[in-house]
Amino acid sequence: MTVRLRHKPWIKAAIEELKDDYVYLGDAAKNKGQWHQLLGKETLAVEIGCGKGNFIVGMAQLHPEQGFVGVETQEEIAYYPAHKAQEQKLKNVKIIAG
């Protein structure tokens, strides 16, 4: 399932506010082998195509002992799971945009 959203002019600025804590923009491969340290968790789960983030945020709430990395190809869509994680004050979630 592909999530398609209308262009929202405010979303680029909103992603910038989330980028250090929740959204990773750029070459994710340069952090190869470091995701455990970035999240401070021994065990990691990856969701590819996290869309609006209901699953990844729900799992992160249920399993705070585990780290969760979501991958979203569309930068604008990556805002939604990152924003949900921020609202819930989750520290075990990172979203890769790109």
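Axes are lines fitted to C-alpha atoms, for helices over the stretch in contact, and angles run from 0 to 180 degrees between N-to-C directions. This is a predicted model, in which local features need pLDDT of at least 70, side-chain atom pairs count only at pLDDT 80 or more, and totals for chains, interfaces and linings use all residues.

Q: Why is helix H1 called oblique to H4?
A: Helices (H or I, at least four residues) and strands (E, at least two) are DSSP runs, numbered from the N terminus. The axes of H1 (residues 11-18) and H4 come within 9 Å and cross at roughly 45°. Angles under 35 degrees count as roughly parallel, over 145 as roughly antiparallel, 65 to 115 as roughly perpendicular and the rest as oblique. H1 is therefore oblique to H4.

Q: What is the handedness of the crossing of H1 and H4, and which residues make the contact?
A: The crossing is left-handed, a term for a near helix turned anticlockwise from the far one by less than a right angle, whereas clockwise gives right-handed. Contact means heavy atoms within 4.5 Å. H1 contributes Ile11, Lys12, Ala14, Ile15 and Leu18, and H4 contributes Glu75, Glu76, Tyr79, Tyr80, Ala82, His83 and Gln86.

Q: Why do H3 and H4 count as roughly parallel?
A: H3 (residues 54-62) and H4 (residues 75-87) pack at an angle of about 25°, and their axes are 9 Å apart. The two helices are therefore roughly parallel to each other. H3 passes H4 in a right-handed crossing. On the side of H3 the contact is made by Asn54, Ile56 and Val57, and on the side of H4 by Pro81, Lys84 and Ala85. These residues divide into four nonpolar, one polar and one charged.

Q: What makes E1 and E2 the edge strands of the sheet?
A: The open sheet has four strands in the order E1-E4-E3-E2, with parallel pairing. Strand E1 (23-25) and strand E2 (44-48) each pair on one side only. Direction ignored, neighbouring strands are turned by 20° against each other on average. Strands of a sheet pair through backbone hydrogen bonds, either parallel or antiparallel.

Q: How do you know that E3 and E4 pair?
A: Two strands pair if DSSP finds at least two bridges between them. E3 (residues 67-72) and E4 (residues 93-97) have five bridges, in the parallel sense. Val71 has Ile96 of E4 as its bridge partner, and Val69 stands opposite Lys94 in E4.

Q: How many bridges join E2 to E3, and how many join E1 to E4?
A: E2 and E3 pair in the parallel sense over five bridges, and Val46 has Val69 as its bridge partner in E3. E1 and E4 pair in the parallel sense over three bridges. Tyr24 stands opposite Ile96 in E4.

Q: What makes E4 a mostly covered strand?
A: Five of its five residues are buried, that is, under 20% relative accessible area, whereas exposed means over 50% and partly exposed lies in between (1.4 Å probe, protein chains only). Val93, Ile95 and Ala97 point one way from E4 and Lys94 and Ile96 the other way. E3 is mostly covered too, with five of its six residues buried.

Q: Why is Val46 called exposed?
A: Val46 lies in strand E2. Its relative accessibility is 57%, and Val46 therefore counts as exposed. Leaving aside neighbours within four places in sequence, Val46 is in contact with Val69 and Val71. From C-alpha to C-alpha, Val46 and Phe68 are 5.9 Å apart in space, although 22 residues apart in sequence.

Q: Is Lys89 buried or exposed, and where is it placed?
A: Its relative accessible area is 67%, so Lys89 is exposed. Lys89 sits in the loop between H4 and E4. Although not a glycine, Lys89 has a positive phi of about 60°.

Note on methods. Residues are numbered from 1 along each chain as its sequence is written. Side-chain values use heavy atoms; hydrogens and water are left out. Ala, Val, Leu, Ile, Met, Phe, Trp, Tyr, Cys and Pro count as nonpolar, Asp, Glu, Lys and Arg as charged, and the others, Gly among them, as polar.
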